[in-house]
Amino acid sequence: MKVNGVDHPAPTDTRRLLSDHLRHDLDLTGTHVGCEHGVCGCCTVLLDGAPIRSCLMLAVQAEGHEVTTIEGLARDGEPLHPVQQAFHECHALQCGFCTPGFVMSVVGLLAQHAKPSAQEIDEGIAGNLCRCTGYASIRRAVDRAVELKK
Amino acid sequence: MKPPPFEYHAPTTVDEVCSLLGSQEDAKVLAGGQSLVPLLNFRLARPRHLVDINRVAGLDRIYQRDGGIAVQALARQAEVEDSQLVARLCPLLSAAVRLVAHRVIRNRGTVCGSLAHADPASELPAVILALGGHVIARSVRGERLIAAEQLFKGVFETALAPDELLVEAWFPELIDPYAILEESRRHGDFALAGVVRAGQHLALFGVAPTPVIADPKDPAAGLQPSGDLEASPEFRLRLVRVLTQRAFAA
């Protein structure tokens with residue numbers, strides 16, 4: 001499987017969840033693990049460009065596919081991805097635990113809708129839980145990301 | 001919160017899938033995994049064999065047949081949501097899929113998987129029931145058609161035999177009138193109660209062990225929904241009456 005553009009062999013342990021494989025085998029700890037049953041959204045990554053829950057997929061299933069994690073959006077020293085920049089500008093994070101998942105979901109949302117309506121934004125981030133911000137700043141960050149992407 | 005041990009199989013043809021399901025004891029089909037993997041992680045399910053069908057080619061089509069739409073086993077819910085064909089011929093299905101969890105889940109989850117999983121509070125079983133659709137089950141013994149009204153047997157229980165793969169679901173064409181209305185705590189959550197109108201037919205979900213057909217004039221007749229922290233039985237009955245009224249008001 002390709003992770004952030006680099007080829008990696010799939011793990012031999014077929015029980016390994018993709019989320020655990022990313023964190024423990026590939027040391028990509030930006031993907032966070034919250035609930036491990038698909039509810040919190042913290043472990044969201046892109047599979048062939050579309051956001052998915054990495055805790056609901058076995059790592060072996062990603063063989064032959066391209067996975068993008070939060071580390072793959074902007075390399076060290078490069079400018080932030082527009083969605084990351086927007087979260088930074090709008091204070092769309094406090095403790096930051098949920099942030100990688102939100103950013104990956106929003107990247108997926110903007111790939112689906114270049115200029116999402118308020119309802120599309122709400123539905124686009126409804127699958128991610130944030131216990132700090134109250135979501136208002138996250139909604140603003142989505143609008144800001146649309147501007148930054150122009 | 002990690003899956004229990006299992007033997008993993010990744011067949012590449014439907015025949016191989018069927019022969020595995022027919023020969024391995026306690027085998028479970030893994031499609032989108034959006035219901036099965038949580039059950040594994042919670043260890044509520046401990047199948048000895050997992051038969052992953054995601055490597056099977058040509059099982060992801062959404063196409064027109066016999067005056068309706070066929071959705072194959074690997075067609076993702078997001079693909080059904082975006083399908084122009086579905087929007088044109090069966091807009092009820094497009095509307096219903098949008099109520100299933102969240103887009104991130106629908107990117108993996110499959111329509112056929114939702115039907116085989118048969119969660120009584122989920123939308124798609126009630127949709128296929130209200131429309132009078134069917135599913136096609138394949139095994140080494142052959143292929144059979146199961147009408148929606150025969151498919152759902154109990155909570156998470158269907159008429160599918162352990163060696164059968166649900167290869168395709170068929171939804172009859174219906175342009176108008178239709179409605180799907182549900183009440184849930186948050187968008188994308190399972191419904192406390194929901195109603196599906198397909199023409200003059202009504203199906204309910206979230207209020208019985210399976211989706212049920214009901215009389216639009218007296219939708220709550222004979223129902224004994226369960227109560228939990230989120231809704232009492234009385235509240236669920238009230239939701240059924242109010243949502244039915246709204247679905248048939250248009």
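The legends below describe close-up views of a predicted model.

Residues are numbered from 1 along each chain as its sequence is written, while chains are lettered from A and ligands numbered from 1 in the order in which they are written. For this predicted model, local features require pLDDT of at least 70 and side-chain atom pairs count only at pLDDT 80 or more, whereas totals for chains, interfaces and linings use all residues.

**View 1. Confidence of the model and of chain B.** The model has an ipTM of 0.96 and a pTM of 0.96. In chain B the mean pLDDT is 97, with 100% of residues at 70 or more; pLDDT is the predictor's confidence in each residue, from 0 to 100.

**View 2. The parallel sheet of chain B.** An open sheet of 3 strands, in the order β1-β3-β2, is formed in chain B with parallel pairing. Helices (H or I, at least four residues) and strands (E, at least two) are DSSP runs numbered from the N terminus, and two strands pair if DSSP finds at least two bridges between them. From one strand to the next, the twist averages 25 degrees; angles run from 0 to 180 degrees between N-to-C directions, and axes are lines fitted to C-alpha atoms, for helices over the stretch in contact. Between β1(B) and β3(B) the parallel pairing comprises 3 bridges, and B:His9 stands opposite B:Val51 of β3(B).

**View 3. Strand β2 of chain B and the crossover to β3.** Strand β2 (residues 27–30) of chain B pairs with strand β3 (residues 49–52) of chain B in the parallel sense over 4 bridges. B:Lys28 has B:Leu50 in β3(B) as its bridge partner. Helix α2 (residues 36–41) of chain B lies on the path from β2(B) to β3(B), and this β-α-β crossover is right-handed; the term applies if, with the strands pointing away from the viewer, the path from the first strand over the helix to the second runs clockwise. In a regular strand the side chains alternate between the two faces of the sheet. In β2(B) both faces are covered, with B:Ala27 and B:Val29 buried on one side and B:Lys28 and B:Leu30 buried on the other. A residue is buried if 20 or more other C-beta atoms lie within 10 Å of its own, exposed if 12 or fewer, and partly exposed in between, with C-beta atoms placed from the backbone.

View 4. B:Asn54 belongs to the loop between β3 and β4 (62–65) of chain B. This residue counts as buried because it has 21 C-beta neighbours inside 10 Å. Its C-alpha atom is separated by 6.1 Å from that of B:Ala31, and the two residues are 23 residues apart along the chain.

**View 5. The antiparallel sheet of chain B.** In chain B, 4 strands form an open sheet with antiparallel pairing, in the order β11-β12-β13-β14. At its edges stand β11 (178–183) and β14 (212–214) of chain B, each with a single partner strand, so one side of each has no neighbour in the sheet. The twist from one strand to the next averages 20 degrees.

**View 6. Strand β13 of chain B and its two hairpins.** Strand β12 (residues 193–198) of chain B and β13(B) pair in the antiparallel sense over 5 bridges, and B:Arg197 stands opposite B:Leu202 in β13(B). These two strands form a hairpin with 2 residues between them, where B:Gly199 in the turn has a positive phi of about 65 degrees. Strand β13 (residues 201–205) of chain B also runs antiparallel to β14(B), joined by 3 bridges, with B:Ala203 opposite B:Ile213 in β14(B). In the hairpin of β13(B) and β14(B), 6 residues lie between the strands, and B:Gly206 in the turn has a positive phi of about 85 degrees. Because 4 of its 5 residues are buried, β13(B) is largely enclosed by the rest of the structure.

**View 7. Packing of helix α2 of chain A.** The axes of helix α2 (residues 82–89) and helix α5 (residues 136–149) of chain A come within 8 Å and cross at roughly 130 degrees. This angle makes α2(A) oblique to α5(A); angles under 35 degrees count as roughly parallel, over 145 as roughly antiparallel, 65 to 115 as roughly perpendicular and the rest as oblique. The crossing of the two helices α2(A) and α5(A) is right-handed, a crossing being left-handed if the near helix is turned anticlockwise from the far one by less than a right angle, and right-handed if clockwise.
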